[in-house]
Amino acid sequence: RTAPWVGDRPRRGARARPGPELASHTVRVEVIRSPRRRKTVQASEADGVVRIWIPAAMSREDEERWVAEMLSRLDRRRTTEATDLDARARVLAERYRLPSPVKVRWVDNQNSRWASCSPSEGVIRVSSRLAGYPAWVVDYVLVHELAHLVEPRHGPAFWALVHRYRRAERARGYLLAKTSD
């Protein structure tokens, strides 16, 4: 392990280590145990170093779990920033003769569903958990939500719109398998 330094002195309560690889590159991880922190964990990345602030009293086991979680979140953020959902949804809306949404965005707070739609506002929110999934699966989720702009409920008319997407059944199977993981 190497000592993390800020200016001329070591950072208090910090441990540095070579980090795991994120999707695009290897990073160095610096864990900073803060006596002022009680519950929250925070991470930031700068100059190839991921700094993760944790409560000083956290166990090593919890530290490892949180380091993995925060690296996963940073990786998802990087992937979502590289995908323009608005542009993708507009292309799909035109291709499948569905209305264009007002706004489409990634969200981190959807753990029990893949996406959601507010038909009255024309806003679609897509779970960032989909960020690393194949493009044809993300496209299916977008088509599903675009169909809600026409048909709010999951009735026969709704499914007829969704099944315009030729990989709909395959994508549903893929998502079902991921749900049971």
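Reply: What follows sets each label against its definition.

Reply: This is a predicted model, with pLDDT of at least 70 needed for local features and 80 or more for side-chain atom pairs, while totals for chains, interfaces and linings use all residues. Residues are numbered from 1 along each chain as its sequence is written, and side-chain values use heavy atoms, with hydrogens and water left out.

Me: What makes a stretch count as a helix or a strand, and how many are there?
Reply: Both are DSSP runs, numbered from the N terminus: helices are H or I over at least four residues, strands are E over at least two. On that basis the protein has five helices and nine strands. Along the sequence the pattern reads β-β-β-β-β-β-α-α-β-β-β-α-α-α.

Me: Why are β7 and β9 called paired?
Reply: Strands pair if DSSP finds at least two bridges between them; β7 and β9 (residues 123-127) have five, so they pair, in the parallel sense. Arg 105 stands opposite Arg 125 in β9.

Me: What makes β7 and β8 edge strands?
Reply: The open sheet of three strands has the order β7-β9-β8, with mixed pairing. β7 (103-107) and β8 (115-118) each pair on one side only. The twist averages 15° from one strand to the next.

Me: Which helices go with these strands?
Reply: Helix α2 (residues 85-95) lies across β7 and β9, at about 130° to β7. Helix α3 (residues 135-148) packs on the sheet and touches β7, β8 and β9. The direction of α3 makes about 20° with that of β8. Contact means heavy atoms within 4.5 Å. Angles run from 0 to 180 degrees between N-to-C directions, with axes fitted to C-alpha atoms, for helices over the stretch in contact.

Me: What is the space in the largest pocket, and what lines it?
Reply: About 410 Å³. A pocket is an open set of points on a 1 Å grid over the protein atoms alone, where a 1.4 Å probe fits, with protein on both sides within 12 Å along at least five of seven lines; lining residues have an atom within 4 Å of a point. The volume is the space filled by probe spheres set on the points. Of the 17 lining residues, the closest to the centre are Ser 112, Arg 113, Trp 114, Ala 115 and Leu 175. α3 and α5 (168-179) each give two or more residues. α5 gives the most, with five.

Me: How much of the protein is called buried?
Reply: Of 181 residues, 43% count as buried, meaning under 20% relative accessible area (1.4 Å probe, protein chains only).

Methods
Buried < 20%, exposed > 50% of the residue type's maximum accessible area, 1.4 Å probe, protein only.
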